[in-house]
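Hi everyone, thanks for making time today. Please have the viewer open, and I'll walk you through a few places worth a look.

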Amino acid sequence: MTPNSTRIQVMKRIPLLETGFNTTVPMEESDLPELRVSAINQSSVNLFQQLGVWEKMLRVTNFDRMKVWDSVNGAKIEFDSQNSEHLGYIIENRVILSALYERIKELKLVDIFAPHSVSSLHFNTPNNDPHQNFGDFVTVKLNDGAEIVSRLVVGADGGKSVVKTSLNVGSTGYSYNQKGVVAVLSHAPIQSSVAYQCFLPSGPIALLPLHDCHSSIVWSTSPSHADYLLAIDDEAFLTEIVSAFSGGQQNTTPFSPFGFMSSTTRHSYPIDMPPLTKVVGKRGAFPLKLDHVSSYIGNRLALVGDSAHVVHPLAGQGVNLGIADTVSLTKSILRALEAGLDIGSVFALSAYEKEQKIKNTAMIASLDIIKRLFANQLTPIVALRGLGISLTNNFSPLKNVAKKIAAGMDLDINGLNLRNNKAAP
């Protein structure tokens, strides 16, 4: 089936447009680790298991402990799995995508158009308005001129979503004036998998376990400092990483352009971090911002994941929020089908928006408050912050709340019966 001949019948075949990922190159276990990774919580793993995707992921690293500390006041908090489920999993984005596409191809229910992108959407409504509740289809025009006609378009195309632009909705947000520097490091063998995070005045830095004595670094810092970290050689970069985690972060340049307070005593938390030995591959950086759309849906349209909300990576919840969106949206579609409703109508989609907007707003606000709290270096705030962290670490009820935020929201996947979707003959 080619894009030029495609006319979609609802729930018979699903067109999937992929812009940036090469779906034809198989993932090999020997491939070098990828820069971009995701922290996946247990609820998302449960979904992957029901989808038949989890067992196809070649490289998955769980972590059972998390150590977090404040470099300014020395306050610390630790989480552990307490012999239950793992706290979470660190998985390369390419590993997740490769497993998903392998499963999609087995099911033979989806037509993959790659590489393709959406150039425009056209609605069967006056003035091409997606908010008017009539018009029985939307036409998706692709970058090569082909057209696909559908009753529902799901925008999962990221923060610069073309579908979001077509929905023409406002959003709340702002730039954090930071970049997230990412890199893969190799280190000595370790006995257990631990995720580390240190809150510096410039932003948090995290060391996340990967496979085969590798770990991922995610360092949120000022744009100028990020550019500096990308420009220096590997040996100097390793020195900066070690210095940051030890609490003695100082500039290696003769002046102080990055705003670090060299006159302030820094506290290091005595941790069992493995000795870092080498930078593997290239480093990268991406801008950090908060963005939350005012509406997740329109007539024939729904937004999920980063298309609807972009959060700071300090708790690694971006992907999990998007997965929760897809579960909620799927349930809304199934309910509409069972009731004989039009799956693309605002009425059918409204339950999805109502459920996820409330949950996502709470999580987005929590992450933003945490980010701002640790960025504030006023002495009274620093002292109160340290007291709060220490109390939380030593008071189980508060610690359980903090652990739940760190682990992300639970998913109710009952009733989806995803394992019943066997591969087509």
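Predicted model: local features only at pLDDT ≥ 70, side-chain atom pairs only at ≥ 80, totals over all residues.

Let's begin with helix 1, which covers residues 42-51. Its buried residues are Gln 42, Ser 43, Ser 44, Val 45, Leu 47 and Phe 48. What do they pack against? The buried residues of helix 1 meet strand 2 (37-40), strand 6 (88-92), helix 2 (93-107) and helix 6 (318-338).

Now to the rings. The count here is 5 aromatic pairs. One of them is Trp 54 with Tyr 89: the ring centres are 5.2 Å apart and the planes sit at 80°, so this pair is edge-to-face. Trp 54 belongs to the loop between helix 1 and strand 3 (61-63), while Tyr 89 is in strand 6, so the pair ties together parts that are 35 residues apart in sequence. Both Trp 54 and Tyr 89 are buried. Another edge-to-face pair is Tyr 174 with Tyr 176, at 5.8 Å centre to centre and 90° between the planes. Here Tyr 174 is partly exposed, at 32% relative accessible area, whereas Tyr 176 is buried, at 8%.

Rings can have a charged neighbour, too. Arg 36 lies over the face of Phe 286, 4.2 Å from the ring centre, and Arg 283 lies over the face of Phe 237, at 4.7 Å.

On to the salt bridges. How many does the structure hold? There are 11 salt bridges. Take Lys 56 and Glu 102, whose side chains meet at 3.7 Å, N to O. Lys 56 is in the loop between helix 1 and strand 3, and Glu 102 is in helix 2, so this pair ties together parts that are 46 residues apart in sequence. Lys 56 is buried, with a relative accessible area of 17%, and Glu 102 counts as partly exposed at 40%.

Next, Asp 342 bridges to Arg 300, with the closest N and O atoms 2.5 Å apart. Asp 342 sits in the loop between helix 6 and helix 7 (346-375), and Arg 300 in the loop between strand 17 (297-298) and strand 18 (301-303), so parts 42 residues apart in sequence are tied together. Arg 300 is buried, at 3% relative accessible area, but Asp 342 is partly exposed, at 26%.

Last stop: Ile 77, in strand 5 (residues 76-80). Is Ile 77 buried or exposed? Ile 77 is buried, with a relative accessible area of 9%. Beyond its neighbours within four places in sequence, Ile 77 is in contact with Met 66, Lys 67, Val 68, Ile 389, Thr 392, Asn 393 and Lys 399. Met 66 is 11 residues from Ile 77 in sequence, and their C-alpha atoms are 8.4 Å apart.

Methods
Residues numbered from 1 in each chain as written. Heavy atoms only, no water. Helix = DSSP H or I, 4+ residues; strand = E, 2+ residues; numbered from the N terminus. Buried < 20%, exposed > 50% of the residue type's maximum accessible area, 1.4 Å probe, protein only. Contact = heavy atoms within 4.5 Å. Phe/Tyr/Trp six-rings, centres within 6.5 Å; stacked < 30°, edge-to-face > 60°. Lys NZ or Arg CZ within 6 Å of the ring centre and 35° of its normal. Salt bridge = Lys/Arg side-chain N within 4 Å of Asp/Glu carboxyl O.
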